Amino acid sequence: MLQSDRAVPLLRLSDVGKSYALGRSALARLLRREHFHAVAGLSFDLAAGESLAIVGESGSGKSTVARMMVRLIEPTSGDIEFKGRSIAQLAGDDLATFRKQVQMVFQGTMNSLNPRKTVATALAEAIGRDGVPISDLLDMVRLPRTVLARLPHQLSGGQRQRVGIARALARRPTLLVADEPTSALDVSIQAEIIRLLRELHRTAGVTLVVISHDLALVGELCERVAVMQTGRLVEIGNASQVLHAPRERYTAELLAAIPRGLAGQHAAA
Amino acid sequence: MKSELLSVEGLRVAYGHGRDALEVLHGLDLTVSAGEAVGLVGESGSGKSVASLAVLGLLGSGGHVTGGRIFFEGEDLAQAGEAHLRELRGKRLSMIFQDPGTALNPAFTIGTQIADVIRAHRPVRGRALAGDIEDILARVGFRDPRRAARAYPHELSGGMKQRALIAAAIVCEPSLLIADEPTTALDVTVQAQIVALLRSLVRELNMGLVFITHNLDLMAELCSRAVVLRHGEVVEHGEVAQLFMQPAHAYTRQLIDSIPRLPREAMTGEGRNHAAI
Amino acid sequence: MMADSSLPAVPERPSAMTATARGAGRFVRALMREPTGAVGLVLIVVLLGVALCAPILPLKDPLKLYIDHRLQAPGAEFWLGTDQVGRDMLSRVIWGARASLAIGLAAVAIGVVLGTAIGLIAGYKAGTWTDELLMKTMEVLASIPLLIWAIALVGITGTDTIHVAGIALSNETKLVLLIGVLYAPGLARLTYGLARAEVQAEYVAARRLQGASATRIVLSDVLPNIISPVLVQATLLLGVTIIVEASLSFIGLGVQPPTPSWGAMLSDSRALIFTDFWWVSIFPGAAVFASVLAFNLVGDGMRTILDPRRRRRVADATQGGAA
């Protein structure tokens, strides 16, 4: 096991690509030989303790990247290294350790939690034998004890999302990937969840990767921002640079499209 | 003097009957004049969608208007029969919904679906009909309207689908359009385009627009006045600039504050528009 | 802030036996609270009870021919009358229950287990060769009508007991296996569609990230969430099986005359349906009707109680966030 060295990034993506063979059936896919490239040539480093946002529109490949980071899907080219070791090779105990250290927070739709399992059961599953005690977990996400006996459909969207975050934190992960964590929520709840994530990043020292289509949102949360478009990394840098002095035209377009409220109205008149 | 197109007074809507009745809208007041865009702001459960469905008579099973009046071009729609409402829908009063994916019939081309709307209200056929369809598709921004008319919904992107829906909604030049979260499911660049399109349509057609959203910034780009709903009640209403600069209700303030903003612009409502101009 | 005494204990894992027994008890009680479920369950208990008790009930011999009392209307001596050859209808209907219900339950059970398993595996592995192989096999199986398969089976193995790998397969067993296997494709297709969609859910991905094995995810997360429509379908199949059994007994598969079975009794009495001798067809028909109804009602009740949204409605009033 490698010692955590300052020089070794927590996560390193090297020329990562993900292609899907086109075709309705396995046989068609074998015969057609055409591919759809969801992600191509992606390379960047993630340092321990930092917070990175990956932004892009639909079809940019950002969700695919997120799933590859947590090894829900495998890249078709390139390599992803966690603490210096390629994650594609992990198996057995090493894989189990990886699963403990790298977790994901999902969008928070109705199916983010098993509709038949109470919060208590869902969290107990996540905690396993050596996780955070359940009451501490609830405190971390600011949920009252009363939610334990509830089923997902008895929770509000914000509560479900907090449970999802608790589930991800159950075994003290080092890296947390949040895939559109606020998209399914009301505007006022979004702010709460962002605040929660920011707090967890600071106090628990969790490295945070947030996937979002909302640039303004990630600006409040992350130190670095990566912009993706049709599977490629367009720009990556500090949040203040990318969001206020973007180098790439696409980034500038995205920024220009953000509604500016009253200012926008005056501009249009 | 602007003519008032829509005047909703004390609208109440409930689901269910008798003892089990649940009132979801507790007295909404809303007015829209020609050439004016009014925002209806609220989160889930606020009753904003219910209000718009009530105006169009599309509440469906269980939901019904329990009080108030809906004056449209002088008549009370709450009392109107289904046949009359059907005449009005699409022709004088139109609506576009949040998810363009499900609002279009996947089995028919865009052209066919727009033709359906036209023919329901005007006796047009053949060459003239095709011409009308192409015109409206060009108007909403399709660069190749002929090809767009032949396309099926699944061949179009989300933004294009929404444009097609807008086309169907305005082709008969209604006096009022209700847009229920039309950009929520779309990317931010497409969102900006759709908002720009709506703005130009309001101006050119002198159309009234009710823009329903939970995003105040987005609403402010388009609307001059707004009504804020929460749990079925009007919490605040007035000129948009006023709402931003001096929100009277805590909830409005909360909505303004929760909108994520780029760090440089993270100021209170007071400072915002000054800094941006 | 809530006092810690209100913290519900995180459930320990009970042993499989006690868990099943407790679960079954809870299930039955819940079912009894539903009007449809209650009626259905009572009916089933009665039907099964009567079928099981047939040997100890004071019934006439179902095979005995009372030649002098052929086609006798229901009366004091023969409560449900007699059939064309003078057999007691009451005892035949009751004894027939054993065959029909046993075959029905066994065949459907096989179909459900087989079909669900295949559908689950194919659904979880949707898009891969496993999926294609399994589902295409099911389609091939389903493409040939039941009757053709049955004729082939009878042609190859005859109507006597055969021995395969040391196991004796009686005619009835062969029938049950055949029907069960041929129910699998329909149930597999149903399960496949449901499983395939359910596997996309975020909570399934979350379980994978917890390191849960595919088997555990499929059995403990996916299956409970999709089982409801499958069980309802299964109860419908129970009724169908009774009729199917009758048509197959024609070609020699299944219960052979003179052993009574409802299906056979129905087909034997076809000619008498609209005649004066109504009892010969009505009583077995009523028995089939009652059974099918009972199982359908139970299926209906099950579907209601299996819906997680019905549980613990108490807290609902305080929960906001509805659309």
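Me: What makes chain B a chain of two domains?
Reply: Chain B divides into domain 1 (4-92 + 177-276) and domain 2 (100-173), with bounds that come from an automatic or database domain assignment. This is a predicted model, in which local features need pLDDT of at least 70, side-chain atom pairs count only at pLDDT 80 or more, and totals for chains, interfaces and linings use all residues. Residues are numbered from 1 along each chain as its sequence is written, while chains are lettered from A and ligands numbered from 1 in the order in which they are written.

Me: How many residues of domain 1 of chain B are in contact with domain 2 of chain B?
Reply: Two residues are in contact if their C-beta atoms, placed from the backbone, lie within 7 Å. By that rule, 12 residues of domain 1 of chain B are in contact with 14 residues of domain 2 of chain B. On the domain 1 side, α8(B) gives the largest share, 6 residues. The centres of the two domains, taken over C-alpha atoms, are 25 Å apart.

Me: Why is chain B called as compact as a globular protein of that length?
Reply: The radius of gyration is taken over C-alpha atoms, and the globule rule is 2.2 Å times the number of residues to the power 0.38. For 277 residues the rule gives 19 Å, and the radius of gyration of chain B is 19 Å, so chain B is as compact as a globular protein of that length.

Me: What makes a residue of chain B count as buried, and what percentage of the residues are buried?
Reply: A residue is buried if 20 or more other C-beta atoms lie within 10 Å of its own, exposed if 12 or fewer, and partly exposed in between, with C-beta atoms placed from the backbone. Buried residues form 48% of the 277 residues in chain B.

Me: How do you know which chains touch?
Reply: The contact rule applies here too: 31 residues of chain B are in contact with 29 residues of chain A.

Me: What is the confidence in chain C?
Reply: The predictor's confidence in each residue is its pLDDT, from 0 to 100. Chain C has a mean pLDDT of 84, and 89% of its residues reach 70 or more. Over residues 1-11 of chain C, however, the pLDDT is below 50, and residues 312-323 of chain C are also below 50. Where pLDDT is low, the predicted coordinates should not be read in detail.

Conventions
Helix = DSSP H or I, 4+ residues; strand = E, 2+ residues; numbered from the N terminus.
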